[in-house]
Amino acid sequence: MATELDYDRSLHGIEHEAGPFEVTESQIQAFSRGIAETNPIYTDAAAAKSQGFQNIVAPPTFCTIMVHRVELPDINLKFGGKPTGGGMHAGQRVQSRAPIMAGDKLTASSHLKDVYPKTGRTGTMVFIVWETTFRNQDGMVVADVQESFIRRG
Amino acid sequence: MLYFEDVELGDEIGPLETEATDAGVLEFCEVWANRTPNRFTDQAIAEQSNLPGPIVPGIMSMGMMARLLTDWAGAESLKDLDVVFRQPVPHHKPITIAATVTDTRQEDGENVVECDIMMTGAEGERYVGGKAIIALPSKP
Amino acid sequence: MYLDMHSHSVSSDDSRATVEQYLKWIQVLRKRGHVIDGIVLTEHRKFDYDKDYSALASQYDVVVLKGSELDTRYGHVLVYGVTEPLTNDIDFSNVAMDTRELLKAARQHGAYAVPAHPGRFGIGLTEYIQQGEIFDDVRIVERLNGGSRKGENERAWELCDDKGYLGVGGSDAHLTSHICVCLTKFEASIKTEHELVDALLSEQFKPVWLEDATNNSTSEGIIK
């Protein structure tokens with residue numbers, strides 16, 4: 001079995017940008033409901049303000065629903081000479097740098113970090129890793145997200 | 001309030017027993033703007049992806065795991081959550097989320113607690129596993 | 001001597017544990033009454049020549065040895081006693097390398113290769129043997145693997161009984177608190193990778209679960 005990886009390597013080092021997009025109270029509340037989060041600072045503006053926040057606070061992994069706002073190119077991945085398909089989510093990392101609140105206007109910037117093959121219970125896979133940095137309206141980095149996806153030949 | 005000095009290596013956090021419902025996953029997909037129907041909401045589409053049924057989105061599982069930690073340590077304590085999605089998570093099946101403190105240290109002027117966190121199924125299936133870093137205040 | 005024969009640090013792409021965190025956790029396990037002498041780091045698809053864990057090993061009084069876990073055509077293989085001639089001969093990053101060539105090359109170059117989690121669904125050695133493949137050079141397999149799903153260790157056990165293979169045990173840890181859930185009990189004292197290869201060649205060892213790694217243990221490594 002050939003194992004050479006063939007993809008658009010020129011994508012390394014290129015940043016793909018999106019935004020600004022506003023984080024709304026209803027989005028935060030819907031996300032909180034989705035993960036059954038009931039802490040009032042994530043669901044109620046008055047409760048958040050009583051804790052010293054300017055507005056309702058997004059739970060720490062909220063920005064994971066915003067990563068897809070960045071339009072990422074197809075890396076045209078071939079493995080062993082064959083095109084790849086699929087796209088299951090393999091892993092995720094969120095580093096929270098500062099609170100995200102309703103009313104924030106976020107921008108996102110993503111780049112291709114790594115592409116590599118490995119084998120497992122379901123056969124040979126190729127992992128594609130993207131990193132995204134979110135900044136708020138003050139230019140402050142609020143979160144860094146790393147996502148891994150699996151594709152197969 | 002939980003203080004850094006209250007935490008020891010080996011401490012167990014949780015467990016949080018929960019499950020993901022069809023309605024909950026649908027709502028999550030809507031706020032995520034992931035167009036439905038998809039493999040998270042639809043049986044036939046899931047089967048086309050070689051899945052036995054619709055599954056819980058990885059980032060929804062991740063959000064549920066974060067909840068265990070913010071319930072334990074406080075809302076703004078979770079600094080880093082890093083997980084691997086090991087097996088598809090089904091709807092309407094019992095899920096257990098639990099964590100174990102594996103390190104405590106001071107780093108860049110902060111009190112840091114590190115823990116392993118796992119989401120498992122009723123038969124011990126390891127659905128999602130990873131590591132979290134939490135910052136805690138010192139006792140006054 | 002109790003050694004965890006299969007573990008991954010942050011040097012492997014899918015592990016989240018540092019070596020120091022593993023060694024700190026071993027202190028917790030020792031306080032709970034377990035006997036643990038060392039670990040072998042078997043990083044995915046590479047060998048870390050440049051990593052030196054001797055200071056940590058000394059600080060925490062744990063033997064830390066280095067090995068590799070390689071992806072091959074017929075499943076994953078643990079390699080102990082990795083040498084430069086071996087890494088010159090075999091491309092460790094090739095996920096489709098010939099398993100039989102690896103087993104032979106390891107012996108030729110002073111190392112020892114052990115099929116990992118042979119009962120694992122989809123990728124264990126058992127799968128390929130059931131398809132008719134023959135592996136004349138296999139003598140030892142990983143009979144107990146801490147990352148196995150229900151039924152997988154049982155399949156490995158049956159394979160060993162059927163083929164007369166000897167078995168080692170390892171945690172396959174990718175997270176700190178999973179280190180040493182399975183171990184190998186050796187009769188010999190082992191401090192170096194070379195001594196580990198000699199101990200494997202001596203065939204005086206057995207796989208055990210952590211709960212059986214105590215001072216008073218007489219367990220035979222019963223399957224759970």
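Q: In this predicted model, which residue of β2(B) is the bridge partner of Gln95(A)?
A: The bridge partner of Gln95(A) in β2(B) is Asp80(B).

Q: What makes strand β5 of chain A and β2(B) a pair, and how many bridges join them?
A: Strand β5 (residues 85-96) of chain A is joined to β2(B) by five bridges; two strands pair if DSSP finds at least two bridges between them, so β5 of chain A and β2(B), which run antiparallel, count as paired.

Q: How many residues does the contact take from chain B and from chain A, and which elements of chain B each supply at least two residues of the side that touches chain A?
A: The contact takes 25 residues from chain B and 25 residues from chain A. On the side of chain B that touches chain A, α1 (22-32), α3 (58-73) and β2 (78-85) each supply at least two residues, and α3(B) gives the most, with nine residues. By class, that side of chain B has 14 nonpolar, five polar and six charged residues.

Q: Which residues have the most contacts inside the largest nonpolar core?
A: Met65(B) and Ala132(B) have the most contacts inside this core, which has 68 residues. The element that gives the most to this core is α3(B), with nine residues.

Key
Residues numbered from 1 in each chain as written. Chains lettered and ligands numbered in written order. Predicted model: local features only at pLDDT ≥ 70, side-chain atom pairs only at ≥ 80, totals over all residues. Contact = placed C-beta atoms within 7 Å. Helix = DSSP H or I, 4+ residues; strand = E, 2+ residues; numbered from the N terminus. Nonpolar A, V, L, I, M, F, W, Y, C, P; charged D, E, K, R; others polar. Core = buried A, V, L, I, M, F, W, Y, C linked by C-beta atoms within 7 Å. Buried ≥ 20, exposed ≤ 12 C-beta atoms within 10 Å, placed from the backbone.
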